[in-house]
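Colleague: I am new to this structure and would like to go through it with you. Shall we take it one question at a time?

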Amino acid sequence: MNEHANFRGIGINPAQKVDDGSYIGGGACTPDLSNEVTDGGSVAPRNGLKSPSNLDVTAGAAQQTDAAPVVHDGAIFTPIGGGKVGREGAPSITGDMDGVTVMKNLGLTPIQGEKFAHQARVSSPQMDDILGLGWPVLDHGFVRVVDYMGNEGAIVQAARVSYGIGTQSVYEDRGLLRYLMRHRHSSPFEMCEIKFHIKLPIFIARQWIRHRMASVNEYSARYSILANEFYLPAPEHIATQSKSNKQGRGERVAPEVALEVIDLLKADAERNYKNYEDMINPEGDKQLARELARINLTLNTYTEWYWKIDLHNLLHFLRLRVDGHAQFEIRAYAEVILKILMAWAPNVHEAWEDYAFYAHTFSRQEMSVVRLITEIAVNAGLTRPEVLDMARENGLSSREVRIFADAVFSDPKMVTA
Ligand SMILES: Cc1cc2nc3c(=O)[nH]c(=O)nc-3n(C[C@H](O)[C@H](O)[C@H](O)COP(=O)(O)OP(=O)(O)OC[C@H]3O[C@@H](n4cnc5c(N)ncnc54)[C@H](O)[C@@H]3O)c2cc1C
């Protein structure tokens, strides 16, 4: 089965690449990242992206057993000892030894070595399939999965360490994931990590960077020259200030006004970029430092970064940024990442939707109102079993039905299951 086709099936397609390394529809002057791999790696494509035609090569990386090189993140990897992959040219410390023997030779004897030695690194075929591919966002942006660690099995495995191996059969994996999510056990989700390469306008980067529980490395505009690429909203996204929400957009403007706005934004960005080029021109009369010259650039100029985050904090990011209150432009990125989450951890995604994204926490006062409503309904003839049946029909587990009953029935006689 073509897993990549599956991924397409949930609604996003990999970015198309053209020969010069820039996206179809992308502007000129994509930053040259070809030197991002220097230690024995091959030269990366100009924008750091791998073409979908390389997909099959990378997709095989997880199962690689022969000596064929693997293209991954712009570098060539060749299998070394035991079918593992390592950077070409790097000395192999393992030779033909298996990992346990290597650790032993280094003076480390694994605890319960026999028990765990057979456990391979967990992986997700869906994620292996999309590693390195870029997904277009806005007019010149993208989200690219560089690497990931763990899968749903890793979360379950970590959680079961807390419960002890003897209780393994108590929960089905999906049930355990739902239990963890419902009860906000966050550390098992932190066992999974994901690393993205993201290209985004600076005004969105400013919102994004507020999510502190992540690791970031950004393209340096002190060191390198920023590309002449800036975000221009599509006409349908150009709207007036909302009257009800001070942080949002209201009505769409008339088409001719939208075009006028786009022209204005474009002219400002182009003029400022021209001045920037003039200030940094090594042949010019100013020869200004890049760190100074950049300060006149418009906020819609694109930047790039690597962004690594664990799954718990990624879910937090998504809850805030997929939400309708988030600005459209950051939501566009969050929605692509959401699709990637669905491919990576579908049961986690489902549990997150049920217990976080579409869920609400009621205050004490709000709970009083809910209980009042239930009481009125019960006084009007709705029976307790009917309410509990409704809860079951809406997908609550038996345990959840009991918790729900405890919460919504004010009469103690009505609470006990
Ligand atoms: C719709 C929307 C509108 C916003 N508007 C504004 C605005 O007008 N102005 C503005 O300044 N910001 C605004 N923000 C940003 C917002 O206030 C948060 O900074 C941002 O959403 C990151 O959330 P976070 O701090 O929970 O995430 P992270 O920084 O990723 O942190 C995740 C969690 O880790 C914990 N944590 C992280 N750092 C610490 C710490 N130092 N101490 C203790 N716990 C910590 C917290 O539990 C936190 O929730 C807005 C965000 C949204 C989604």
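Colleague: Is W208 buried, partly exposed or exposed?
Modeller: This is a predicted model, and W208 sits in helix 8. A residue needs 20 or more other C-beta atoms within 10 Å to be buried, and one with 12 or fewer is exposed. W208 has 19 C-beta neighbours inside 10 Å, so W208 counts as partly exposed.

Colleague: Which residues is W208 in contact with, leaving aside its neighbours within four places in sequence?
Modeller: UniProt, in an unreviewed entry, lists W208 under "binding site", along with others including R294 and R321. Leaving aside neighbours within four places in sequence, the contacts of W208 are L200 and I330.

Colleague: Where is R294, and which residues is R294 in contact with, leaving aside its neighbours within four places in sequence?
Modeller: R294 lies in the loop between helix 10 (290–293) and strand 10 (302–310). With 19 C-beta neighbours inside 10 Å, R294 is partly exposed. Beyond four places in sequence, R294 is in contact with A221, L226 and Y276.

Colleague: Why does R321 count as buried?
Modeller: The cut-off for a buried residue is 20 or more other C-beta atoms within 10 Å. Leaving aside neighbours within four places in sequence, R321 is in contact with A326, I330, R331 and A334. R321 counts as buried because its C-beta neighbours inside 10 Å number 22.

Colleague: Which elements do the buried residues of helix 11 pack against?
Modeller: The buried residues of helix 11 are L311, H312, L314, L315, F317, L318 and R321. One of them, L318, is in contact with A334, I337, L338 and L341, leaving aside neighbours within four places in sequence. The elements that the buried residues of helix 11 pack against are strand 6 (193–201), strand 10, helix 12 and helix 13 (346–357).

Colleague: Which element gives the largest share of the largest nonpolar core?
Modeller: This core has 59 residues, and V143, V145, I155, L177, L318, Y333 and I337 touch the most other members. The largest share, 10 residues, comes from helix 12 (residues 328–344).

Colleague: From which domains does this core draw at least three residues each?
Modeller: The core in question is the largest nonpolar one, with L318 among the residues that touch the most other members. The domains that each give at least three residues are domain 1 (3–217 + 303–354) and domain 2 (232–299).

Colleague: How do the residues around the ligand divide into nonpolar, polar and charged?
Modeller: The ligand is surrounded by R210, H211, R212, M213, Q247, N313, H316, L320, H325 and A326. Among them, R210, H211, R212 and H316 are also in a UniProt "binding site" annotation from an unreviewed entry. The shell divides into 3 nonpolar, 5 polar and 2 charged.

Colleague: Is H211 buried, partly exposed or exposed?
Modeller: H211 is placed in the loop between helix 8 (202–208) and strand 7 (215–218). With 16 other C-beta atoms within 10 Å, H211 is partly exposed.

Colleague: Where is E218, and which residues is E218 in contact with, leaving aside its neighbours within four places in sequence?
Modeller: E218 is in strand 7. E218 has 14 C-beta neighbours inside 10 Å, so E218 counts as partly exposed. Leaving aside neighbours within four places in sequence, E218 is in contact with T303 and W305.

Colleague: Is L138, with its positive phi, buried or exposed?
Modeller: Most residues other than glycine have a negative phi. Phi of L138 is near 55 degrees, and L138 lies in the loop between strand 4 (134–137) and strand 5 (141–149). With 21 other C-beta atoms within 10 Å, L138 is buried.

Terms used: Residues are numbered from 1 along each chain as its sequence is written. This is a predicted model: local features need pLDDT of at least 70, side-chain atom pairs count only at pLDDT 80 or more; totals for chains, interfaces and linings use all residues. Two residues are in contact if their C-beta atoms, placed from the backbone, lie within 7 Å. A nonpolar core is a set of buried Ala, Val, Leu, Ile, Met, Phe, Trp, Tyr and Cys residues joined through C-beta atoms within 7 Å. Helices (H or I, at least four residues) and strands (E, at least two) are DSSP runs, numbered from the N terminus. Domain bounds come from an automatic or database domain assignment. A residue is near a molecule or strand if its C-beta atom, placed from the backbone, lies within 6 Å of it. Ala, Val, Leu, Ile, Met, Phe, Trp, Tyr, Cys and Pro count as nonpolar, Asp, Glu, Lys and Arg as charged, and the others, Gly among them, as polar. UniProt positions are given in the numbering used here, feature names are shortened, and annotations may be inferred rather than shown by experiment.
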